[in-house]
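Have the sequence and the model open as you read.

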Amino acid sequence: MMKELVELLKIRKMTIASCESLTAGLFTSRIAEVPGASAVLLGGIVTYATSVKEGLVHVDRAIVETHGVISDACAKAMAENTRSLLGADLCVSFSGNAGPACMEGKPAGCVYGALAFEGGCRTYHFQIDHASRNEVRERVVAAMRDQIIAFLKEERETDNG
């Protein structure tokens, strides 16, 4: 599942880290399944509780109060702050509602992700309907993997162009 991502990171000589809420370390675990992942994976932080988001990775309380933890603003802060804390070239984050009930007024399957990199951060919104909690987690990890691969290929074309 993650082999192509690991290979692209190796080619680019880049490292990656994660800050995961609803995925609870699944993204990092999937990368670690790939032989040679230690060349690119720095680590991951699981911030399932809001207090951990605020205390450990310094998500501003104002973001949580204004936008909630299930938001692009929260995912962006998680990715940017963790990238800085771990010294990674890239950092991916996930925050959302795996279900089964509505949370913060957002339906089950609503997930925000972010990819922080030198000079910027991209945010992504996914709505994964008609799926179990674990299906939501698996599908959003795969979707973000695809977004990161696309980003790396885009960056490569920019470098070569």
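Is R30 buried or exposed? R30 counts as buried, at 18% relative accessibility; buried means under 20% relative accessible area, exposed over 50%, and partly exposed in between (1.4 Å probe, protein chains only). Salt bridges that share partners link R30, E33 and E138 into one network. In the bridge between E33 and R30, the closest N and O atoms are 2.9 Å apart, and E33 is exposed at 51%.

## About the model

This is a predicted model, in which local features need pLDDT of at least 70, side-chain atom pairs count only at pLDDT 80 or more, and totals for chains, interfaces and linings use all residues. Residues are numbered from 1 along each chain as its sequence is written, and side-chain values use heavy atoms, with hydrogens and water left out.

## Other salt bridges

The structure holds nine salt bridges, each a side-chain nitrogen of Lys or Arg within 4 Å of a carboxyl oxygen of Asp or Glu. One of them joins E54 and R61 at 3.1 Å, N to O, and E54 is buried at 18%.

Another pairs K10 with E7, with 3.8 Å between the closest N and O atoms. Both partners are partly exposed, K10 at 30% and E7 at 33%.

## Cysteines

A search of the whole structure finds zero disulfides, meaning pairs of cysteine sulfur atoms within 2.5 Å. For C19, the nearest cysteine sulfur is that of C91, 6.3 Å away, and C19 is buried at 0%.
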